[in-house]
Amino acid sequence: MGVLMSRRQTVERVQKVSLAVSAFKDGLREQPSTRRRAEAGTARQGTLEQEVQEGEEEALAGPSQPEQSSASKAAWERLRDGRGVEPEEFERANRFTPPAFIRPKRELHDDEPPDISLEQREQILNDEMCEICEVWTAESLFPCRICHRVYHDGCLRRMGYLQKDSAVEVTETAHTETGWSCYYCDNLNLLLTEEEMYSLMETLRNCKIIPESCLTLDDFLHYKHQVHKQQFEKTMPEAQEEQAALQFNALDPDKKGHIEWQDFLSHESIQLLQKIRPQNALLRLLTPKELERARAAFLALDQDNDGFIGEGECRQARHTWFRKHQKEMLSCNVSISHVGPISEGSPTSSRNGKSPEKILPATKQEETRSIDWPRFLRENVAYILAARPNSAALHLQPLA
């Protein structure tokens with residue numbers, strides 16, 4: 001009985017196997033043959049090799065489109081918020097929360113002439129506590145040469161605003177005549193309102209400018225041509241192109257062949273402020289320290305104390321004091337209220353043996369034109385603002 005049952009089970013298994021084989025054969029008719037599978041496998045292997053090769057080429061070329069678009073989006077967001085370029089290598093474990101930059105808003109009375117007297121002195125008082133940690137310690141505090149804020153070097157490092165060589169630079173210049181601008185004053189883009197910032201971003205997008213990228217001379221001139229054509233609907237004259245080339249050289253003092261993004265952004269920000277806001281509105285942006293320096297500069301040029309200086313003297317101030325101070329400048333313990341333009345006879349004018357910058361002599365027409373204190377401020381306010389950044393670049397080239 002057990003043998004018969006075993007045979008019956010064997011027959012049933014054979015039948016099941018036969019059905020399975022038949023089903024398998026039916027499936028084979030609907031699929032490619034073994035040769036075709038082998039050919040398909042070989043073709044797929046070739047495709048994989050091509051994909052690997054293409055992937056290596058893409059890796060050498062740069063990030064993929066989603067990654068690139070994500071990075072570009074983050075760069076536009078940093079530009080909009082005024083945060084600047086994020087450090088590539090930064091220890092974020094013990095970092096402080098970055099400050100929330102609030103862009104200024106225009107007031108109704110901004111366009112009215114402010115009352116800035118030549119005789120009235122500015123009261124310059126620096127804060128006693130660090131702007132970041134809000135704690136007073138016996139450690140050395142770095143004062144900003146533009147505003148009233150002071151900082152600990154350790155706090156600046158934990159914020160990511162003091163990187164590598166910049167720490168030495170801040171230490172050497174913060175307590176000298178050259179001075180050091182804090183991260184608020186160093187970024188001219190923070191002077192723009194939200195409406196002005198969106199206008200600048202639209203211009204950059206239309207001209208295909210990628211945020212946080214360096215610009216060569218060809219890129220800079222192409223951008224200037226596009227902006228001029230969009231604004232005036234005609235080609236930029238050759239004289240303006242030459243002026244743009246001079247501005248590029250001023251933004252590239254180290255002759256690298258390109259200008260850094262932050263310098264380009266500062267230049268465009270001050271240019272936009274000149275175009276949109278009247279001079280009276282720009283005067284309201286000056287801090288007490290800047291007003292006191294401008295006052296000292298005017299008084300130094302007004303030799304006869306009649307309240308007027310010549311056009312040539314005003315131009316001289318623009319080409320000396322309101323340009324960037326050199327890092328080689330000697331340390332100075334003079335009070336900031338007594339700091340004025342560097343005359344050619346000054347010990348620091350030689351710049352450690354280097355010949356002073358040549359100033360074109362004033363014409364007779366310039367010598368006869370008299371400039372008073374309010375006009376002196378209005379004509380130089382853009383250059384005073386442009387001198388804020390710590391960069392050695394000249395963000396606003398004075399006209400000859």
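Modeller: One term comes up throughout: a residue is buried under 20% relative accessible area, exposed over 50% and partly exposed in between, using a 1.4 Å probe and protein chains only. This is a predicted model, where local features need pLDDT of at least 70, side-chain atom pairs count only at pLDDT 80 or more, and totals for chains, interfaces and linings use all residues. Residues are numbered from 1 along each chain as its sequence is written, and side-chain values use heavy atoms, with hydrogens and water left out.

The overall picture comes first. The protein has 400 residues, and 38% of them are buried. It holds 15 helices and 6 strands. These are DSSP runs numbered from the N terminus: H or I over at least four residues for helices, E over at least two for strands.

Now the core. A nonpolar core is a set of buried Ala, Val, Leu, Ile, Met, Phe, Trp, Tyr and Cys residues joined through side-chain atoms within 4.5 Å. The largest one has 51 residues, and Leu204 and Phe264 have the most contacts inside it. Helix α15 (residues 373-386) gives the most to this core, with 9 residues. Domain 2 (189-276) and domain 3 (278-322 + 370-399) both supply residues, so the core lies between them. Those domain bounds come from an automatic or database domain assignment.

Look at Leu204. Leaving out residues up to four places away in sequence, Leu204 touches Trp76, Leu79, Ile209, Tyr223, Trp261 and Phe264. Contact here means heavy atoms within 4.5 Å. There is also a second, separate core of 22 residues, including Cys130, Leu156, Tyr183 and Cys185.

Next, the rings. The structure holds 12 aromatic pairs. Rings of Phe, Tyr and Trp (its six-membered ring) pair if their centres lie within 6.5 Å; planes under 30 degrees apart count as stacked, over 60 as edge-to-face and the rest as tilted. Tyr223 and Phe264 pair edge-to-face, at 5.3 Å centre to centre and 75 degrees between the planes. Tyr223 belongs to helix α8 (residues 217-232) and Phe264 to helix α10 (residues 261-276), so the pair ties together parts that are 41 residues apart in sequence. Tyr223 is buried at 1% relative accessible area. Phe264 is buried too, at 1%.

Elsewhere, Phe101, Tyr151, Tyr161, Trp180, Tyr183 and Tyr184 form one aromatic cluster. The charged end of Arg149 sits over the ring of Tyr184, 4.1 Å from its centre. That label requires NZ of Lys or CZ of Arg within 6 Å of the ring centre and within 35 degrees of the ring normal. Trp180 is also touched by Thr173, which contacts Thr178 and Gly179 as well, not counting residues up to four places away in sequence. Thr173 is in helix α5 (residues 165-173) and is buried, at 11% relative accessible area.

Last, the cysteines. The structure holds 0 disulfides, a disulfide being a pair of cysteine sulfur atoms within 2.5 Å. Cys144 is buried at 1% relative accessibility, and Cys182 is buried at 0%.
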